Amino acid sequence: MNEKKITVDAVDAFTNYLKRAERSQNTIEKYRRDVLAFIRWLGNRPVDREMSIEWKQQLLGRGYTTAT
């Protein structure tokens, strides 16, 4: 089975992409913070559709909106 994991290197590459795309510094920091929170929540589990749905449900349960 090909398990997918999000690495800090991948987050750094995403951050650099956002900088090259001229996103605002606030946007870049927010996206980075959110992805790192997702990584912490995942722990050592691989990323898959079910984990993404569970993360979304947890956020909704804490009062976040779908736009967040």
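Predicted model: local features only at pLDDT ≥ 70, side-chain atom pairs only at ≥ 80, totals over all residues.
Residues are numbered from 1 along each chain as its sequence is written, and side-chain values rest on heavy atoms, with hydrogens and water left out. Local features need pLDDT of at least 70 and side-chain atom pairs count only at pLDDT 80 or more, whereas totals for chains, interfaces and linings use all residues.

Rings of Phe, Tyr and Trp (its six-membered ring) are taken to pair if their centres lie within 6.5 Å, with planes under 30 degrees apart counted as stacked, over 60 as edge-to-face and the rest as tilted; by this rule there are four aromatic pairs. In one of them, the ring centres of Phe-38 and Trp-55 are 5.4 Å apart with planes at 55°, so the pair is tilted. This pair links Phe-38 in helix α2 (residues 25-42) to Trp-55 in helix α3, 17 residues apart, helices being DSSP runs of H or I with at least four residues, numbered from the N terminus. Trp-41 and Trp-55 also form a tilted pair, with centres 5.3 Å apart and planes at 55°, and ring pairs link Phe-38, Trp-41 and Trp-55 into a cluster.

Relative accessible area (1.4 Å probe, protein chains only) classes residues as buried under 20%, exposed over 50% and partly exposed in between. Trp-41 is buried at 18% and Trp-55 is buried at 15%. The charged end of Arg-45 sits over the ring of Trp-41, 4.6 Å from its centre, where the criterion is CZ of Arg or NZ of Lys within 6 Å of the ring centre and within 35 degrees of the ring normal.

Gln-57, found in helix α3 (residues 49-61), is partly exposed at 47%.

Methods:
Helix = DSSP H or I, 4+ residues; strand = E, 2+ residues; numbered from the N terminus.
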